[in-house]
Amino acid sequence: MSRIRALAGVISLSAGLLFSTANLAYAAQPAPELVLNLTNQQVKLSDYRGQVVYLDFWASWCKPCQRSFPWMNDMQAKYGEQGFTVIAVNLDSERKLADEFLSKLPAHFPVAFDPEGNSAQTYQLKGMPTSYLIDKTGQLRIAHQGFHVEKQASYEQEIQGLLAE
Amino acid sequence: MKRKFLAFVALAGVLQLSGCASLGVQPWERDLLAKDEMALGAEGVDLGLDDHIYFSKEATSGGRSFAGGGCGCN
Amino acid sequence: MQLNNKATVASALAGAACALLGTPAAQAEEGMLKDWQFDTAILYYGETDRVSLAEGVINATKTNDDDSIFNVKLVLDTLTGASANGAVAQPYAQTFSRPSGKDGYVVNAGETPLDDTFRDTRVQVSGSWMQPFADTWRATGAVNVSTEYDYLSLGLSGLLEKDLFMRNTTLSAGLSFQFDSIDPVGGTPDALTSMLVPTYLGDDNDEGEDEFEWDDDYEEGENKTGSESKTTTDLILGVTQVINRRMLMQFNYGLSVVDGYMTDPYKLLSVVDNAGMTQDIIYEGRPDSRTKHSFFWQTKYALDNAVVDVSYRFATDDWDIDSHTIDSRFRFNLGDNDYIQPHLRYYQQSAAEFYRPFLNQADPLPMYASADYRVGEMTAYTLGLKYGHKMENGHEWAVRAEYYQQDPKNAGFDEPGVLADLDLYPSVKAVILQFNYHF
């Protein structure tokens with residue numbers, strides 16, 4: 001009997017945990033400023049004002065990140081000339097691992113390196129990868145947690161939407 | 001027996017309380033945890049083979065996850 | 001354009017799009033976006049003078065673009081050799097009948113009786129599908145079929161997992177049902193009834209084979225019935241917690257309820273007199289229900305060039321078997337492509353309440369009794385070493401060599417007469433050799 005009561009205790013404790021997910025609701029706000037350490041230069045996120053920016057936070061060990069690279073290359077190639085850019089911020093603590101990844105999945109867009117994770121802290125990431133769409137005026141408009149291949153078409157529509165503004 | 005059970009309840013409680021606070025890592029700090037060899041079921045084939053041997057030779061089995069079936073005893 | 005079956009359709013399409021736009025397609029995706037992974041292994045397990053087992057495994061896992069995972073596993077094994085039949089050694093040669101009831105075998109004086117007829121091949125196929133949903137949930141369904149000459153096992157299981165606190169905590173709950181049927185060679189003996197033993201005539205015929213003679217009124221299949229079955233229901237509740245950047249912990253509670261035939265139809269018991277001399281050989285009999293609780297704790301710790309994996313399991317059941325298992329693996333990375341991994345395991349169990357190394361003729365016959373050392377008190381340990389290497393093409397191989405020793409113990413039974421001078425609890429020593437290949 002006491003065993004059953006103990007089990008009931010576990011279940012009620014667990015139920016409390018189950019349905020208390022913290023989901024980020026998103027209202028447009030200025031994109032927090034970032035210093036971007038690219039391979040051979042340092043720029044600021046605000047330098048890209050006037051362009052639609054797909055800001056992606058990734059790491060070499062993150063599996064969905066691997067799937068996002070071919071798509072990001074594709075988007076860069078397709079919309080790069082219309083005032084769009086992907087900026088991928090790498091959060092590997094070891095640069096070597098990021099370089100290995102990039103040698104296998106080359107990026108045709110700017111990649112910034114942030115081994116300390118300061119930018120991730122600033123953006124309060126809730127998962128990996130996380131990406132943000134920033135409009136031409138520098139406002140954060142859309143956030144995606146994770147990269148879902150089946151949602152690629154809708155991601156692309158969002159880019160088209162912001163480019164058309 | 002009962003004591004073990006209470007320990008389990010206590011652990012579940014501790015985990016609930018500590019949840020976001022001190023335990024755990026930020027999503028971008030999972031480089032080491034993401035390694036294949038850090039998975040709890042890493043080397044699954046070895047674990048399966050071991051389970052089969054010990055299942056046949058000892059009176060207790062399982063605990064880690066569901067074991068496959070069959071006897072293959074003796 | 002050629003579609004390589006290793007590339008996902010999505011990445012192939014992305015590649016095609018790049019090609020159309022004149023940008024170089026990312027070709028060097030080898031290994032990274034590979035969606036099928038194969039793990040194969042062959043294992044040899046050999047006990048000194050007893051059974052040996054050869055086992056092969058092919059495990060294929062496909063990770064889909066939505067992170068769902070399909071897994072299929074094929075296991076083949078073949079077992080041959082001798083196994084302790086449960087009877088005690090005697091100061092004279094003993095004769096037993098084979099399970100088939102058609103033949104007999106003789107065990108020398110002072111030796112632990114082993115039945116050397118075990119020869120079985122098992123085929124096991126299992127498959128599972130893991131589907132993530134609603135961002136932080138995962139559901140897994142699995143089926144399992146295993147068949148051997150005298151045994152069939154069918155299993156079905158489901159597991160639900162929920163991530164919390166930015167995936168630092170994972171709760172899981174799983175349920176599994178298994179149906180097993182056993183159709184023993186020569187039929188299922190009635191529990192605790194006498195084994196009918198033929199008379200040994202010697203091996204002085206032309207072929208040098210042992211010859212046996214049965215009583216005139218002996219009928220094959222006497223005291224034996226047809227097939228038997230059992231069902232097993234398992235429940236597992238688990239919590240996995242990330243402690244910090246280097247440490248991960250898991251705690252599982254498992255409840256297992258088994259109903260049905262759990263007796264080993266090939267195991268025997270000696271009934272001895274006050275002088276320790278065997279008067280009768282009977283078939284064992286075990287209870288037809290068993291409820292087991294297990295508590296499993298595992299922790300993994302990542303060092304810069306090593307991984308420590310330690311687990312502890314405590315199990316207790318209503319057969320009075322309590323067991324403690326400590327299992328640990330220490331992986332040391334030697335550079336980027338090699339590792340060496342010692343393995344240490346210690347196991348200890350108490351005896352089942354119905355465990356009897358033999359029965360005394362003077363005592364009333366108990367309801368259940370088994371002399372199988374595997375339900376008796378024992379300790380066991382495993383010492384092993386594994387070496388693994390990752391090749392240029394990303395494939396990996398590994399070899400593993402282990403030593404396993406079981407030391408059965410006397411759980412407080414007096415040894416009357418001649419039994420005092422005989423080894424009733426011989427150790428079992430085995431080697432395990434394994435080769436793995438991953439691609």
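Predicted model: local features only at pLDDT ≥ 70, side-chain atom pairs only at ≥ 80, totals over all residues.
1. In chain C, strand 14 (residues 228–244) and strand 15 (residues 247–260) run antiparallel and are joined by 14 bridges; strands here are DSSP runs of E with at least two residues, numbered from the N terminus, as are helices (H or I, at least four residues), and two strands pair if DSSP finds at least two bridges between them. The two strands form a hairpin with 2 residues between them, and Thr240(C) stands opposite Gln250(C) in strand 15 of chain C.

2. Residues are numbered from 1 along each chain as its sequence is written, chains are lettered from A in the order in which they are written, and side-chain values use heavy atoms, with hydrogens and water left out.

3. Strand 15 of chain C is also joined to strand 18 (residues 289–302) of chain C, by 13 bridges, and these two run antiparallel; Gly254(C) stands opposite Ser294(C) in strand 18 of chain C.

4. Between chains B and C, 54 residues of chain B are in contact (heavy atoms within 4.5 Å) with 93 residues of chain C. The count of salt bridges between them is 9, each being a side-chain nitrogen of Lys or Arg within 4 Å of a carboxyl oxygen of Asp or Glu. Arg245(C) forms one with Asp31(B), the closest N and O atoms being 2.8 Å apart.
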